[in-house]
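Please have the sequence and the structure open while I talk.

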Amino acid sequence: MQIPPKRLLSTLVKRPPSTAALLATALTLACALQPAPASAPAEHAPEPREASGPSPRWSYEIAVDDALEHMQLALCIEGPRPIYLQAPRGAMSFVDSARVRGGDALERDGSGFVVETLGEHGCLDLEIDLAAAARASGRDSARRGDSIMVAPDRWLWCPGLVPDEVEARARFDLPEGVTATVPWPHLEDGWRRLDHTSFGWNAWIAFGHYQPIEFTVGECEFEVAVLDGERAATDAGIERWLRVAAESSVELYGRFPRDRVSLVVIPTSGWRDSAVMFGMARRGGGGSAMLLLNEDARDDELPGEWVASHELLHLGMPLIDDPWMSEGFVTYYTQILRARQGVLAASANRDEQARAALLALREGFRRARGGTRTLAKASDNMRRSGGYTRVYWGGAAVAFDLDRSIRAATEGRRSLDDLMILLAELAPVHRHWQAEDLIARMEAEVERWREAGELRVEISPSKIVERHLRAKSLPADIADLDGLAVDIKGSSLRLLANPNDEVRVRASLFDDTRSP
């Protein structure tokens, strides 16, 4: 998620809004940007005891009507019978009925349902008021004409205990011309696979009378739902924009770090010049992201803009509780990778791309330079205090320091890229990570390089990180981009031809060749 603007669309509006309506609802989403834990245990009723036995198999059949006002959710269960059916808090208000197939209604108990039997069919049937779910306030829903976005935490009911080894699948029964865009991978016969994360983390999901935009980048399948609304950008322009954004991650990882990603693009009337006004990535059931597209943005304004690249980069990182790392490292790479692609500056010249990236880093570091708290404390209190700039760019400074130091210590043979690739293996894992645990993994990898004789000088990721976390302002050598052979005077930045070792480090930052 990028730094939230001061005024931001809140409820993602259910009908074409006026500018006044947008501004009136802006504060809601700014507050909503203080998310509940992504695994959402706090949103559920207290987890009851469940029956034990073989690994369960859950099959969902999901039907919606042509007007996108009603949903029928059927859940058939093989294996242990659950004693409780749950969904995140608030979803109960969207349930019109819930019963055992061919039998009695389920008894409501707080925010869930008691399941005393599965009946002879082994299935539970729920009727969901989809129109009400789409009208609900908050960032998770929107209705635009004949299309809606409704996050699964508003309708995907499941047993109270979700085993890690659950085998779950879903299939949609949709009217002709209606599409469902979800991050869940394809199986045979129209089924989709739902892993454990589908029930613990949220996702961006859309239904509507639209033709999805589909493409493949870096061995990853992308499906894009563009909700109804006036827009200057064409489908071809939107595809080009999102391809370029996905290719930023490919620059880093060599391929896109997911197999499938769903994107929901919402055309929105803008009060700013930004082509894309906001975005947020999620990882429930796979990778997904929501992007607010300025309805006035033209095709040529979209490729290379930073929001989509930033959000897709999140999908390659583990879910990290410390925003200085989760947001800071992504903020750093959002600049570096777009320069490597050649889309950050108007000129394709590599030096001009490098200069544009370094100017962006310099300006970000300048804005985050001072403060009354250490970076560690600012990060811990970011959402309460609103110190996004200090944390995002303070974390970017940590990434820059690590990258610069590793490249110098290995004479360009290694970089922070290698450590990011190492951590990408953890991105799909259904858990929250502490930054210190991940830095310890980095430390162990650097030790392996040391034993292999790859370090020209000693370097410790933990010590580099520690000096930033304990500081109340950015170190001067970081703010001045020391070690990269640059001359900075005011707002101007000049690339120097000497010293040679610093020139090599600078050049390697924007060289897309892979480490051995």
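This is a predicted model: local features need pLDDT of at least 70, side-chain atom pairs count only at pLDDT 80 or more; totals for chains, interfaces and linings use all residues.

Let me begin with a question about a single side chain: is Cys-220 buried or exposed? Cys-220 is buried, and its relative accessible area is 0%.

As for the overall picture, the protein has 14 helices and 21 strands, and buried residues make up 55% of its 516 residues. If we take the contacts with a separation of 6 or more, 72% of them are accounted for by residues 24 or more positions apart.

Let me stay with the cysteines for a moment. The structure holds 1 disulfide, which joins Cys-76 to Cys-123 with an S to S distance of 2.0 Å. The torsion about that S-S bond is about 105 degrees, so the disulfide is right-handed. The pair links distant parts of the chain, with Cys-76 in strand β2 (residues 70-78) and Cys-123 in strand β7 (residues 123-129), 47 residues apart.

Now to the nonpolar interior. In soluble globular proteins, nonpolar side chains tend to be buried together. Here the largest nonpolar core has 62 residues, and those with the most contacts inside it are Trp-324, Met-325, Phe-329, Tyr-332, Phe-365 and Leu-416. Helix α9 (residues 388-409) supplies the largest share of this core, namely 12 residues. If we leave aside the neighbours within four places in sequence, Met-325 is in contact with Met-317, Ile-320, Val-330, Leu-423, Ala-435, Leu-438, Ile-439 and Met-442. There is also a second, separate core of 49 residues, which includes Ala-87, Ala-136, Val-178 and Ala-180.

Helix α5 covers residues 323-341, and at 1.5 Å a residue its 19 residues should span 27 Å; the end C-alpha atoms are 26 Å apart, which agrees. Of those 19 residues, 19 are buried, so α5 is largely enclosed by the rest of the structure. Just after α5 comes Gly-342, which takes a positive phi of about 85 degrees.

For α9, the 22 residues should span 32 Å at 1.5 Å a residue, and the end C-alpha atoms lie 31 Å apart, which agrees. This helix is mostly covered, with 20 of its 22 residues buried, and it is followed by Glu-411, whose phi is positive, near 55 degrees.

Turning to the strands, which of the residues of β19 (residues 287-294) are covered? The strand is mostly covered, and 8 of its 8 residues are buried. Gly-287, Ala-289, Leu-291 and Leu-293 point one way, while Ser-288, Met-290, Leu-292 and Asn-294 point the other way, and all are buried. Strand β17 (residues 260-268) pairs with β19 in the parallel sense over 8 bridges, and the bridge partner of Ile-266 in β19 is Leu-292. Strand β18 (residues 276-282), by contrast, pairs with β19 in the antiparallel sense over 6 bridges, with Met-280 bridging to Met-290. Strands β18 and β19 form a hairpin with 4 residues between them, and Gly-285 in the turn has a positive phi of about 75 degrees.

A second hairpin is made by β8 and β9, with 2 residues between the strands and a positive phi of about 60 degrees at Gly-145 in the turn. Strand β8 (residues 141-144) and strand β9 (residues 147-150) pair in the antiparallel sense over 4 bridges, and Ser-141 stands opposite Val-150 in β9.

Finally, 4 strands form an open sheet in the order β5-β6-β3-β10, with antiparallel pairing. Its edge strands are β5 (107-109) and β10 (158-159), each of which pairs on one side only.

Definitions and conventions
Residues are numbered from 1 along each chain as its sequence is written. Side-chain values use heavy atoms; hydrogens and water are left out. Two strands pair if DSSP finds at least two bridges between them. A nonpolar core is a set of buried Ala, Val, Leu, Ile, Met, Phe, Trp, Tyr and Cys residues joined through side-chain atoms within 4.5 Å. Buried means under 20% relative accessible area, exposed over 50%, partly exposed in between (1.4 Å probe, protein chains only). Contact means heavy atoms within 4.5 Å. The expected span of a helix is 1.5 Å times one less than its number of residues. A disulfide is a pair of cysteine sulfur atoms within 2.5 Å.
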